[in-house]
Amino acid sequence: MRNPTADILKGLAVVFMIQVHIMEQFATAELYNSWIGQLSLFIGGPLCAPIFMGVMGYFMVSPKHNYWYFIKRGTSLFGIGIGLNIIRSLNLFASSYNHLIDINHLFYIFGIDILQLAGLSLFIFGLLQKAFKSKVLLYFTLAIILVIIEPIISSFAPINESSAYLFAIIGGTYEWSYFPILPWFSYILLGYCFRLLIEKNNLPKEIYSKTFFLFSIPIIIGLIITMPYASSIAHNLYGKGGYYHHGILFFVWELLFAAIYIYYLNYIIIRYFKTIKGIQWIGENVTIIYIVQWIIIGNLATILFLSQNAIQWLIWTIAIILASVLITWGILKIPKKKESLNY
């Protein structure tokens with residue numbers, strides 16, 4: 001059976017991700033640096049990729065998931081990610097071919113995005129599972145170590161441009177390395193740890209104790225006080241210590257934020273809604289929607305790059321979300337024998 005909260009978390013994450021992709025690609029510099037831009041990047045930062053990767057790790061606990069499953073699935077997702085890079089850049093490549101723009105094609109083909117991260121993480125996880133079994137402490141320790149060593153690994157410089165594209169898979173501050181293994185794989189590991197703890201200790205899936213509620217109050221206050229710090233990281237995408245290449249301090253902030261966000265979202269859903277059908281459906285089909293929205297945004301970006309004001313950004317956001325949902329619905333209606341792409 002599907003977990004409604006997990007699907008809603010993924011559904012919200014991809015919707016938030018669409019609006020931030022449009023902000024990054026379409027918005028004028030004035031809009032990007034305004035309070036609207038900062039809010040957009042915050043919503044598209046802590047509420048998106050970390051949550052998505054944590055949920056992915058949570059669902060890796062399954063007797064059906066053996067070593068070869070992770071290898072095959074990981075290879076497939078990585079290949080789909082590279083294919084998506086090419087398809088979403090077709091308009092850009094055509095402009096380059098017609099000498100309208102000068103670009104480095106490798107930058108766009110081998111960029112490390114979420115699908116590549118998911119594929120590589122599955123591949124690595126298949127190996128780890130054989131070594132670590134179900135030992136929570138080993139996974140947790142590795143997750144912390146990977147975040148701590150991220151700035152150290154990223155400080156090394158590849159010997160040439162070709163090796164840079166391989167190195168960008170692991171870390172570094174390259175502009176084409178959006179989601180390298182360091183630090184993003186750690187979120188998957190911690191999601192997996194959380195699920196193992198629930199399974200091993202037979203904990204209930206929903207915990208609404210007064211103790212947790214009281215304990216959450218100082219955390220919420222601390223998060224509010226430190227919100228300007230988190231917002232500055234989310235608004236700094238590419239640089240050292242920025243969102244894509246953050247270190248242990250933001251990692252800890254994100255974990256606390258995610259714990260509060262998931263706990264209270266789960267509480268509200270179960271108590272008042274049971275489920276939110278539309279968002280849950282988006283979450284169930286998150287991979288297809290993610291691919292569709294990037295194909296649309298990526299090819300439109302060649303035309304609209306950094307040119308849209310706030311009203312235009314809002315219109316494009318609504319239009320592309322609706323288009324992505326409708327196209328996904330159409331794809332799912334095509335009769336075929338398929339294995340679900342989604343986590």
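Predicted model: local features only at pLDDT ≥ 70, side-chain atom pairs only at ≥ 80, totals over all residues.

Helix 4 (residues 49-58) and helix 11 (residues 181-201) pack with their axes 7 Å apart, at an angle of about 45 degrees; helices here are DSSP runs of H or I with at least four residues, numbered from the N terminus, and axes are lines fitted to C-alpha atoms over the stretch in contact, with angles running from 0 to 180 degrees between N-to-C directions. Helix 4 is therefore oblique to helix 11, given that angles under 35 degrees count as roughly parallel, over 145 as roughly antiparallel, 65 to 115 as roughly perpendicular, and the rest as oblique.

Residues are numbered from 1 along each chain as its sequence is written, and side-chain values use heavy atoms, with hydrogens and water left out.

Which residues of helix 4 and helix 11 make the contact? On helix 4 they are Ala49, Pro50, Met53, Gly54, Met56, Gly57 and Tyr58, and on helix 11 they are Trp184, Tyr187, Ile188, Gly191, Tyr192, Phe194, Arg195 and Ile198, where contact means heavy atoms within 4.5 Å.

Turning to the aromatic rings, the structure holds 30 aromatic pairs; rings of Phe, Tyr and Trp (its six-membered ring) pair if their centres lie within 6.5 Å, and planes under 30 degrees apart count as stacked, over 60 as edge-to-face and the rest as tilted. The pair of Tyr58 and Phe194 is tilted, because the ring centres are 6.1 Å apart and the planes stand at 35 degrees. This pair links distant parts of the chain, with Tyr58 in helix 4 and Phe194 in helix 11, 136 residues apart. Tyr58 is buried, at a relative accessible area of 13%, where buried means under 20%, exposed over 50% and partly exposed in between, for a 1.4 Å probe and protein chains only.

Tyr139 and Tyr192 form an edge-to-face pair, since their ring centres are 4.9 Å apart and their planes are at 65 degrees. Tyr139 lies in helix 9 (residues 136-154) and Tyr192 in helix 11, so the pair ties together parts that are 53 residues apart in sequence. Tyr139 counts as buried at 0% relative accessibility, and Tyr192 counts as buried at 3%.

Technical notes. Helix = DSSP H or I, 4+ residues; strand = E, 2+ residues; numbered from the N terminus.
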